[in-house]
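Colleague: I would like to learn how to read helices and strands from a model. Please take one feature at a time.

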Amino acid sequence: MDCHPEAGASQDNCEARDCIWSPPPDQQVLQKATPWCYMKPGIGYISGPSTGSITYGPIADVNQKLVYFRVAIWFISTQVITLQKNSGPRNPWGDDIAQIHYKTQTFGKTANVKLFVGGRYEPPVDLPLNPSVQSGQTDNVFYFVVKRKSTGRRLFDTSIGGLIFSDKFLQLATYLPSDTMYGWGENGHQTIKHDFSNYTTWGMLARDEPPNYSFVDTKNLYVTTAPGPALIYRTIGGNLDLYFFPGPTPEEVVQQYLALIGTPLLPSYWSLGYQLSRYGYKDLADMVSIINRNIEAGIPLETNWSALGDFVKELHSKNMRNILIFDPAIEVDYDSFRRGMAAASYLKSGARFIEWERPDQDLYPMAKDTKIMLGVVWPDRHVAFPDFLDPTNVTTNWWIQEFVDFQKQVDKSIILFIERVDQLQSADRRRFAYRDSLLILIDTPWYYNSADHPNDAPLMCPTGTTDAEWDMPAYKTHAVYNFGQNLYGWSESRATRLAQHAATGKRGAVISRSTFPSSGRYAGHWLGDNSATWNDLRAATNEELCLRWQQMGAFHPFMRNHNTIGATPQDPARWPSVTKATIKANLFRYYYLPYLYSLHFAAAMNGGTVVRPVFFEFPTDVETQNLGHQFMWGSAVLIAPVVDQDDWYSLFDYNYGQWFAHGYQEFPAPWTSLIPVFVRVRNAAEGFLFWDDGETIVDSFTTYNYFQWSFRYQSDDEAAFLSINTIRNATLTVPTLDVIEIFNYHYNPDFTSFTLNGQKINVNVQTSYYNPFKKILYISTKNFLDLTVNGIRNLSWKHADVSEKRRIRNDLI
């Protein structure tokens with residue numbers, strides 16, 4: 001465990017931390033990046049008496065050196081043990097807290113393990129918490145193990161030691177049962193599965209650049225993946241609160257996680273359409289020109305970003321949407337700031353803004369003699385950040401009213417608002433270096449000497465004072481923020497969702513770059529400003545690269561082409577080849593949008609994934625465990641984007657077409673074709689469809705007005721059968737089901753033999769057909785099936801000729 005993670009390690013300052021100095025013989029960095037300065041063994045705590053209660057069978061002997069207890073997974077149960085600091089090596093980054101507590105409890109199948117000290121800051125997040133653990137002590141060091149009850153396999157084993165708990169540094173380490181580990185979002189991963197052959201440290205914190213958080217801690221958190229395989233968690237405050245979701249399938253893990261934190265919101269139907277955006281249009285004429293050339297090229301386009309004035313009305317006349325961007329940075333001489341500070345008629349007291357230690361602001365009259373922390377973002381002068389965690393809700397109410405008032409000033413057909421949560425102190429993106437064990441500022445903030453922004457003084461804590469610890473803590477981190485920093489995006493998303501509903505009365509769209517567990521209840525998430533490179537496409541712009549991005553982007557839930565300031569245009573209408581590829585990809589997406597929307601609907605109701613890795617569906621196939629360049633829509637559709645400069649794609653096929661051999665296959669992927677898309681082959685197919693008006697606010701699915709149907713298809717050597725069951729009816733207008741496509745259909749159908757619930761039904765043979773080469777049956781008849789009818793409808797038909805059917809199958813074989 002690295003004892004000197006910052007630069008400048010030496011034998012003297014390593015041993016001054018009571019750690020071991022052991023560089024490689026040739027003084028070269030090892031391939032595995034093994035730390036040269038690492039902690040001594042024996043760091044940790046010893047267990048004291050247990051308190052609290054446990055619902056099911058504690059098995060313990062406190063007189064023995066090894067103490068165990070088990071927790072039944074179907075009961076809510078609690079066990080608390082007091083831990084005392086042992087006599088082992090000290091913590092290099094602060095005084096160890098002498099006494100901490102270890103608590104376990106379960107919620108349904110989910111196990112919760114918490115190491116804590118009472119009174120320390122914890123995230124004020126209202127998780128729903130909808131509905132086996134073991135601990136012990138060895139070699140005078142407390143540890144705990146989380147085992148799978150059915151097999152006894154150790155999933156999380158902290159017997160590796162190294163538990164540290166001080167005021168501003170916490171550490172927890174564990175062995176892992178295998179190297180098939182995924183995640184740590186907001187980091188660039190070139191492979192979907194982690195590489196445990198090296199020591200790699202991943203940051204998880206809220207900042208206006210990667211990385212972000214992924215742990216129930218609102219401060220900076222780092223995790224190191226190490227050979228073993230092993231994990232080392234490090235953070236600079238709070239408590240350690242871990243949840244374990246047993247699955248056993250990956251999809252069940254996600255469902256259990258969402259049961260705990262809350263399911264994601266249902267997006268507006270239109271928000272799944274194609275969106276075009278950029279930061280840095282030259283002027284309004286430039287924006288109008290680029291948007292219009294894409295419309296004139298025939299590219300299906302739903303939404304533009306950030307237009308105002310008459311151009312908004314023009315967009316609406318074309319049945320398009322307009323998205324506005326709102327930042328939480330309020331210039332402190334704006335009227336909106338004044339309204340927030342004032343006791344306005346609709347507020348009992350002023351709104352609250354993020355503060356720092358002392359009331360020493362004197363730059364602006366309205367912020368004078370306050371503790372309000374000033375920062376720099378997009379406005380020309382300093383800004384304040386609303387405190388959305390204000391328990392009085394005054395700040396949220398002020399935020400809502402600002403949106404309502406703004407809505408009255410713009411075209412009322414604008415029906416959505418969007419937030420881009422650029423983190424607190426966007427200005428504080430400075431580069432630092434370590435020199436002689438000191439943190440030195442080596443350049444200026446991002447906006448300095450920019451024609452687009454004045455050189456406002458950035459926020460920084462002066463060195464040589466007690467404030468210096470905020471920029472230079474004992475344990476140096478990528479960004480020094482505390483307490484609610486990682487909660488800011490979450491809290492603003494919650495307030496903005498309420499504001500958007502109040503201002504428009506419709507579902508709209510809210511997305512945020514910064515998130516926290518349960519943010520999905522209020523907002524969508526976007527990945528941030530990834531670059532348009534081949535490397536980023538696998539995890540600039542020329543014609544082929546833009547074409548491949550457009551083809552792949554058509555299968556992302558949030559489908560937006562976004563460009564940055566100063567870059568050459570990359571809208572698809574710039575190149576004829578990209579225009580054609582985008583039209584083809586977008587029309588495919590729009591054609592199957594009911595399927596994508598139904599996946600979102602199911603996730604919002606019950607939890608689960610919309611887009612998922614291939615290993616979610618084939619978890620026992622080791623070939624899928626690091627297959628990151630293919631992904632799935634639900635359980636039935638596999639997408640294979642082209643991520644290299646090549647017209648072919650090497651696809652690992654899982655009998656997605658039974659006529660292919662199991663294993664890697666080569667498929668053509670020319671510019672002029674859709675990227676490879678496969679439908680899963682099964683003996684019987686099942687599915688579902690949801691239908692609503694696409695924009696009404698969903699307060700509760702129990703009372704919400706929507707349709708739901710289930711579908712089941714199967715066939716035998718003589719006939720085919722499609723059953724449609726109305727699960728839930730609604731008071732909505734629904735078009736008739738006029739087109740049915742059946743893939744991997746091996747028969748010539750008899751179009752004269754169709755019956756519905758035993759009664760003959762006519763099929764239009766002029767518009768219906770069977771393609772024996774693609775094995776697709778296409779049934780198209782106007783006003784074919786009425787989906788508003790209650791009950792089950794059974795559609796069946798016969799194959800035209802059994803001998804012909806057998807000939808087709810023999811040809812396939």
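This is a predicted model: local features need pLDDT of at least 70, side-chain atom pairs count only at pLDDT 80 or more; totals for chains, interfaces and linings use all residues.

Modeller: Start with helix length: the expected span of a helix is 1.5 Å times one less than its number of residues. Helix α6 has 16 residues and reaches 23 Å from its first C-alpha to its last, close to the 22 Å expected.

Colleague: Which residues of α6 are buried?

Modeller: The general idea is that an α-helix has 3.6 residues a turn, so residues three or four places apart point the same way. In α6 the buried residues are Val 394, Thr 395, Thr 396, Trp 398, Trp 399, Ile 400, Glu 402, Phe 403, Val 404 and Gln 407.

Colleague: How do I read a helix pair, and at what angle do the axes of α3 and α4 cross?

Modeller: Angles under 35 degrees count as roughly parallel. The axes of helix α3 (residues 284–296) and helix α4 (residues 310–317) cross at roughly 10° and come within 11 Å. The two helices are therefore roughly parallel to each other. On the α3 side the contact uses Leu 284, Met 287, Val 288, Ile 291 and Asn 292, and on the α4 side Phe 311, Glu 314 and Leu 315. By type, the residues of this contact are six nonpolar, one polar and one charged.

Colleague: How far apart are the axes of α9 and α10?

Modeller: The axes of helix α9 (residues 543–553) and helix α10 (residues 576–591) are 8 Å apart, and the packing angle is about 5°. That makes α9 roughly parallel to α10. From α9, Glu 543, Cys 546, Leu 547, Gln 550, Gln 551 and Gly 553 meet Ser 577, Val 578, Ala 581, Thr 582, Ala 585 and Arg 589 of α10. The contact of α9 with α10 divides into five nonpolar, five polar and two charged residues.

Colleague: Now strands. Which residues of β6 point one way, and which the other?

Modeller: In a regular strand the side chains alternate between the two faces of the sheet. In β6, Thr 110, Asn 112, Lys 114 and Phe 116 point one way, Ala 111, Val 113 and Leu 115 the other, and all are buried. Strand β6 spans residues 110–116.

Colleague: Which strands does β6 pair with?

Modeller: Strand β5 (residues 99–107) pairs with β6 in the antiparallel sense over seven bridges, with Phe 107 bridged to Thr 110. Two residues lie between these strands in their hairpin, where Gly 108 takes a positive phi near 65°. Strand β15 (residues 240–244) is also antiparallel to β6 and is joined by five bridges; there Phe 244 is the bridge partner of Ala 111.

Colleague: Why is β14 described as largely enclosed?

Modeller: Six of the six residues of strand β14 (residues 230–235) are buried, so the rest of the structure largely encloses this strand. Ala 230, Ile 232 and Arg 234 point one way, and Leu 231, Tyr 233 and Thr 235 the other.

Colleague: Which strands are joined to β14 by bridges?

Modeller: Strand β11 (residues 170–175) runs antiparallel to β14, with six bridges, and Leu 172 stands opposite Tyr 233. Strand β13 (residues 221–226) is likewise antiparallel to β14 through six bridges, and Leu 221 is bridged to Thr 235. The hairpin of β13 and β14 has three residues between the strands, and Gly 228 in the turn has a positive phi of about 155°.

Technical notes
Residues are numbered from 1 along each chain as its sequence is written. Side-chain values use heavy atoms; hydrogens and water are left out. Buried means under 20% relative accessible area, exposed over 50%, partly exposed in between (1.4 Å probe, protein chains only). Helices (H or I, at least four residues) and strands (E, at least two) are DSSP runs, numbered from the N terminus. Two strands pair if DSSP finds at least two bridges between them. Axes are lines fitted to C-alpha atoms, for helices over the stretch in contact, and angles run from 0 to 180 degrees between N-to-C directions. Angles under 35 degrees count as roughly parallel, over 145 as roughly antiparallel, 65 to 115 as roughly perpendicular and the rest as oblique. Contact means heavy atoms within 4.5 Å. Ala, Val, Leu, Ile, Met, Phe, Trp, Tyr, Cys and Pro count as nonpolar, Asp, Glu, Lys and Arg as charged, and the others, Gly among them, as polar.
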